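Welcome! Have a look at it, and then read on.

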Amino acid sequence: MEKTSRRTGPGVRLALLLPAGVAMLAGLDAALTLLGLPAPVPSDRLADVHGPLMVLGFVGTLVALERAVALAPGGTDERARPWAWAAPGLLGLGGLLLVAPAPLVAARACLVVGAAVLVALYGAAWRRRADAAIAVQGLGALGAVGAAVLWAADVPVPYLAPWLVAFLVLTVVGERLELMRIVPVAPLAERGIVGGACALVGGAALALVWPGVGTAVLGAALVGIVALLARFDVARRTVRGTGLPRYMAVAMLASFAWLAVAGGLWLVAGPTTSGARYDALLHAVFLGFVMSMVMAHAPVILPAVLRRPLPYRPAMYAPLALLHVTLALRVVGDARDAAVVVQVGGVGNVVAVLAFVVVAVTSVLLGAPARPGRDQRAEPPAAAPPSPTAANRLEVVA
Ligand code: HEM
């Protein structure tokens with residue numbers, strides 16, 4: 001194990017992580033342009049690709065890297081699959097090509113193939129351990145393929161946005177389902193979440209041909225999934241703890257609320273492809289749910305990926321709170337048609353994401369507190385973890 005680990009050391013993983021960082025910075029730059037504000041690098045091209053760049057190039061690369069770590073040489077699986085690295089590699093390259101003045105077709109091709117390899121990774125994980133959590137994440141990866149293929153076929157982003165939503169929501173929800181396993185999972189929770197996942201992907205497909213019905217299905221699926229998470233997720237228990245478990249639980253419970261907002265908007269207001277409601281709905285999902293989850297899980301996922309501890313520090317609450325408060329401001333601005341309020345909220349969102357990166361990097365450099373208390377300490381997981389990153393999450397909640 002040690003020998004193979006050295007073959008795929010942190011250098012390779014860091015090289016695969018860097019394009020995600022570039023995609024994030026370029027996506028934030030583009031966000032300022034989209035808000036109608038001056039950006040460090042003003043670029044119409046970046047503004048045009050902001051959505052796919054953020055979802056597939058930034059978060060997609062992180063997701064694929066996390067999954068590849070378990071299956072590639074040096075991972076937890078005894079059968080090494082060197083091709084596993086192609087998923088984060090191609091999604092990251094696709095993001096870099098979107099940022100560079102390269103032909104759009106090359107970037108789109110990388111994203112399609114990278115997303116397809118991600119589906120294959122979940123296929124390999126399923127053969128190793130067939131369970132509902134992998135199935136839900138695999139359905140999410142199919143959402144990424146759907147989005148990438150539709151974008152390559154020149155379908156405008158507002159019409160393929162439900163596929164982007166399905167990708168990231170189901171990735172996160174599948175991972176939460178893995179964690180519910182530390183206590184016996186009610187069959188209702190597991191079956192309900194699998195049903196919700198099928199409905200979300202089905203709704204994304206339906207919305208292409210029958211927007212009214214498809215959007216209602218999408219909204220109902222999100223509301224149903226969030227109701228199950230709110231009822232069964234371990235965050236409800238761990239929020240009563242201290243330190244890292246409590247921080248993660250706070251971030252997760254807040255993210256559930258944003259997912260409910262997005263589902264409610266789709267359910268009540270119908271097809272949403274432009275304007276203030278589009279901005280509010282998409283960012284309720286991508287900032288309120290997804291980025292809050294990224295902030296929650298970074299202290300347990302990054303160490304498993306990079307093999308460098310990212311110790312929890314109470315300072316992590318500051319960017320988390322800023323994200324949620326400024327997102328609320330932005331959504332109120334959207335509801336009131338108040339452009340300046342949307343801009344102030346949007347800039348706050350950008351600052352929150354950057355501030356989290358600063359806090360995380362500082363925490364890595366400072367290292368663990370001299371005498372780690374219960375807040376940081378890991379305990380033996382309650383069940384065989386499906387991946388190193390899942391193992392870390394189990395340790396936090398056990
Ligand atoms: C951090 C601060 C962010 C700001 C200020 C921001 C801002 C914006 C703005 C102003 C729009 C245009 C909305 C409209 O057409 O009405 C937009 C679109 C979009 N954003 Fe963001 N965004 C941010 C982060 C993100 C993140 C993290 C993601 C995904 C992970 C994301 C995904 C999208 C998508 C999918 C679209 C639709 C693009 C399109 O229709 O072409 N955004 N964003």
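## Contacts across the chain

Among contacts in the protein chain between residues at least 6 apart in sequence, 69% join residues at least 24 apart. Two residues are in contact here if their C-beta atoms, placed from the backbone, lie within 7 Å.

## The model and its confidence

This is a predicted model, in which local features need pLDDT of at least 70, side-chain atom pairs count only at pLDDT 80 or more, and totals for chains, interfaces and linings use all residues. Residues are numbered from 1 along each chain as its sequence is written.

The protein chain has an average pLDDT of 90, where pLDDT is the predictor's confidence in each residue, from 0 to 100. A score of at least 70 is reached by 88% of the residues. Two stretches call for caution. Over residues 1–6, pLDDT stays under 50, and the model has four contacts beyond four places in sequence for them. Over residues 377–386, pLDDT also stays under 50, and here the model has 19 contacts beyond four places in sequence.

## Overall make-up

What secondary structure does the protein chain have? It comes to 15 helices and zero strands. Helices (H or I, at least four residues) and strands (E, at least two) are DSSP runs, numbered from the N terminus.

Of the 398 residues of the protein chain, 52% count as buried. A residue is buried if 20 or more other C-beta atoms lie within 10 Å of its own, exposed if 12 or fewer, and partly exposed in between, with C-beta atoms placed from the backbone.

## Around the ligand

The ligand is surrounded by 25 residues, and the closest are Ala31, Gly51, Met54, Val157 and Phe286. A residue belongs to these surroundings if its C-beta atom, placed from the backbone, lies within 6 Å of the molecule.

Which helices each supply at least two residues of this shell? They are α2 (10–34), α3 (44–71), α7 (157–180), α12 (275–306) and α14 (339–366). The largest share, eight residues, comes from α12. By type, the shell divides into 19 nonpolar, five polar and one charged residue. Ala, Val, Leu, Ile, Met, Phe, Trp, Tyr, Cys and Pro count as nonpolar, Asp, Glu, Lys and Arg as charged, and the others, Gly among them, as polar.

Helix α12 is worth a careful look. A straight helix of 32 residues would span 46 Å at 1.5 Å a residue, but α12 spans only 40 Å between its end C-alpha atoms. The expected span of a helix is 1.5 Å times one less than its number of residues.

Where does α12 bend? The bend is at Ala298, by about 65°, and a proline, Pro299, follows within four residues. The bend at a residue is the angle between axes fitted to the seven residues ending there and the seven starting there. After α12 comes Arg307, whose phi is positive, near 60°.

Just after α11, Gly270 takes a positive phi of about 80°.

Helix α9 (residues 211–232) has 22 residues, which should span 32 Å; its end C-alpha atoms are 31 Å apart, which agrees. Its buried residues include Gly214, Leu222 and Phe232. The buried residues of α9 pack against α7, α8 (187–209) and α11.

## Residues to visit

Leu65 lies in helix α3 and counts as buried because it has 26 C-beta neighbours inside 10 Å. Leaving aside neighbours within four places in sequence, Leu65 is in contact with Arg13, Leu16, Leu17, Pro88 and Val305. Ala186, in the loop between α7 and α8, is partly exposed, with 13 C-beta neighbours inside 10 Å. Ala186 and Phe232 are 46 residues apart in sequence and 8.2 Å apart in space, C-alpha to C-alpha.

Is Asp154 buried or exposed? Asp154 counts as exposed because it has 8 C-beta neighbours inside 10 Å. This residue sits in the loop between α6 (132–152) and α7, and its phi is near 70°, a positive value in a residue other than glycine. Asp337 lies in the loop between α13 (317–336) and α14, with a positive phi near 60°. Asp337 is exposed, with 10 other C-beta atoms within 10 Å.
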